[in-house]
Amino acid sequence: MRSLRLCVRIDIKKMRNLPGTYALILISSSDQLIEIGKLGRVSVQPGFYVYAGSAFGPGGIKARIAHHKRIAARPHWHIDYLRAYLHLVEIWYTYDCGHHEHLWASVLGCSKGATTPIPGFGASDCRCKSHLYLISFKPSARRFRDKLRAKLNGHGRIFTHKLK
Ligand SMILES: [Zn+2]
């Protein structure tokens, strides 16, 4: 569908400082033990880690993605701790103004073979089991969009941003 054209490489300079929802696709290439704030020490395995978040504060999606592209000097969110040890390969995002991060998390959790390696991750303020899933193969933005639209018809356009 034209309005939901995906896999368009978006340069961060072209991102807008509008609120929205996003997912980070990260790779872990080895077994690691990582300290994640109050969650304590957790085990990270090789595979694709997918995290759902939202950016409804100042600077919106653009500022938040710029934040995740760097390693946080002072980790604040759970993802900041994990991010320092994983390789960020892709970001999916939308400027849809609905608060869809929990829906995004639930759809990611329904991906084939997805597991919840760190219960409560990124979900301190909600009822989700987790906002982070481990998937053994690279998740498909197109499949994600189709599942999302099956749950919420009229969801705004989703963009992808691939990193080197
Ligand atoms: Zn949630």
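Let's start with A105, which sits in helix α3. Helices here are DSSP runs of H or I with at least four residues, strands are runs of E with at least two, and both are numbered from the N terminus. Before I go on, this is a predicted model, where local features need pLDDT of at least 70, side-chain atom pairs count only at pLDDT 80 or more, and totals for chains, interfaces and linings use all residues. Residues are numbered from 1 along each chain as its sequence is written.

So, is A105 buried or exposed? A105 is buried, with 25 other C-beta atoms within 10 Å. The cut-offs: a residue is buried with 20 or more other C-beta atoms within 10 Å of its own, exposed with 12 or fewer, and partly exposed in between, with C-beta atoms placed from the backbone. And what does A105 touch? Leaving out residues up to four places away in sequence, A105 touches A52, C128 and H131. Contact here is C-beta atoms, placed from the backbone, lying within 7 Å. There's also a C-alpha separation of 10.0 Å between A105 and G122, which are 17 residues apart along the chain.

Helix α3 covers residues 101-109, and it lies across β1, β4 and β6, running at about 165 degrees to β4. For angles, axes are lines fitted to C-alpha atoms, for helices over the stretch in contact, and the values run from 0 to 180 degrees between N-to-C directions.

That brings us to the sheet. Which strands are in it, and in what order? Five strands form an open sheet, in the order β6-β4-β1-β5-β7, and the pairing is antiparallel. At the edges stand β6 (132-135) and β7 (158-162); each has a single partner strand, so one side of each is left without a neighbour in the sheet. From one strand to the next, the twist averages 20 degrees. A quick reminder: strands of a sheet pair through backbone hydrogen bonds, either parallel or antiparallel. Here, two strands pair if DSSP finds at least two bridges between them.

Let's go along the pairs. Between β1 and β4 there are nine bridges, and T21 has S54 as its bridge partner in β4. On to β1 and β5, joined by seven bridges; there T21 stands opposite T94 in β5. Then β5 (residues 87-94) is joined to β7 by five bridges, with F159 in β7 as the bridge partner of Y93. As for β1 itself, seven of its nine residues are buried, so β1 is largely enclosed by the rest of the structure.

Next, helix α1, residues 60-69. Helix α1 packs on the sheet, touching β1 (20-28), β4 (47-55), β5 and β7, and its direction makes about 15 degrees with that of β1. Which residues of α1 are buried? They are I61, R64, I65 and H68. These four cover an arc of only 100 degrees around the axis, which puts them on the same side of α1. That arc is taken from the directions from the helix axis to the C-beta atoms. The buried residues of α1 pack against β1, β4, α2 (78-83), β5 and β7.

What about the core? The largest nonpolar core has 36 residues, and Y22, A23, L24, Y49, V50, Y51 and L108 touch the most other members. A nonpolar core is a set of buried Ala, Val, Leu, Ile, Met, Phe, Trp, Tyr and Cys residues joined through C-beta atoms within 7 Å. Strand β4 gives the largest share of this core, six residues. Take V50: aside from neighbours within four places in sequence, V50 is in contact with A23, I25, L108, Y133, I135 and P139.

One more spot, F121, in the loop between α3 and β6. F121 counts as buried, with 26 C-beta neighbours inside 10 Å. Beyond four places in sequence, F121 touches L39, H78, S130, H131 and L132. F121 and H78 are 43 residues apart in sequence, yet 6.4 Å apart in space, C-alpha to C-alpha.

Stepping back, the protein comes to four helices and seven strands, and 34% of its 164 residues count as buried.

Technical notes. Two residues are in contact if their C-beta atoms, placed from the backbone, lie within 7 Å.
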